[in-house]
Amino acid sequence: MKILIVLFALFALPAHAYSGKELREDCLAAEGSFASGATSPNAYQSPKGARCLGYLEGFVDGYAVSDRLAESVGVKLNAFCLPKSADLSYRLVRSVLAYLDRQPPNPDGSTAAIVAAALSRTFPCGEPLEPRR
């Protein structure tokens, strides 16, 4: 009976979504780690910075997998094209913060949509999408 009560309590709690406000706070922490002037900054030392970088890098990895799968059936996504750069993590953080600076303090919409919009504006692809046939 105790197990049922514990299970009910776990599933009765509301789900927590990662909000745009939390993303902003976390990415500011990550940016602070990069801006500290250390020769090899570790933005993963701060839990907030780590959450920002983990989310952004997971988003980018997920997009890369989607793009690869789409290419296997002849479709190119072209939402954004990331440069091959040693400071890519920092550039991802700056991209999202620059986008959020132009939004209301508590932006609406999913965090994924915020990140996608930020990256597509900062890292547009050079080649246009192929016309539909």
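The model is predicted, so local features need pLDDT of at least 70 and side-chain atom pairs count only at pLDDT 80 or more, while totals for chains, interfaces and linings use all residues. Residues are numbered from 1 along each chain as its sequence is written, and side-chain values use heavy atoms, with hydrogens and water left out.

Start with confidence. pLDDT is the predictor's confidence in each residue, from 0 to 100. The chain averages 82. At least 70 is reached by 78% of the residues. Over residues 4-10, pLDDT stays under 50.

Next, the disulfides. A disulfide here is a pair of cysteine sulfur atoms within 2.5 Å. The structure holds two, in the pattern 1-2, 3-4, with bonded cysteines counted along the chain.

C27 bonds to C52, with the sulfur atoms 2.1 Å apart. This pair links distant parts of the chain: C27 sits in helix α2 and C52 in helix α3, 25 residues apart. Helices are DSSP runs (H or I, at least four residues), numbered from the N terminus. The S-S torsion of C27 and C52 is about 90°, so this disulfide is right-handed. Buried or exposed? C27 is buried at 0% relative accessibility, and C52 is buried with a relative accessible area of 0%. Buried means under 20% relative accessible area, exposed over 50%, and partly exposed in between (1.4 Å probe, protein chains only).

C81 and C125 form a disulfide with an S to S distance of 1.9 Å. C81 lies in the loop between α3 and α4 (88-101), and C125 in the segment after α5 (111-122), 44 residues apart. The torsion is about 100°, so the disulfide of C81 and C125 is right-handed. C81 is partly exposed at 32%, whereas C125 is buried at 16%.

Now the charged pairs. A salt bridge is a side-chain nitrogen of Lys or Arg within 4 Å of a carboxyl oxygen of Asp or Glu. The structure holds four.

One of them joins D26 and R51, at 2.5 Å from N to O. D26 is in helix α2 and R51 in helix α3, so the pair ties together parts 25 residues apart in sequence. D26 is buried at 0%; R51 is partly exposed at 38%.

K48 pairs with E25, the closest N and O atoms being 3.6 Å apart. K48 belongs to helix α3 (residues 47-72) and E25 to helix α2 (residues 20-35). K48 is partly exposed at 40%, as is E25 at 34%.

How values were computed. Contact means heavy atoms within 4.5 Å. Helices (H or I, at least four residues) and strands (E, at least two) are DSSP runs, numbered from the N terminus.
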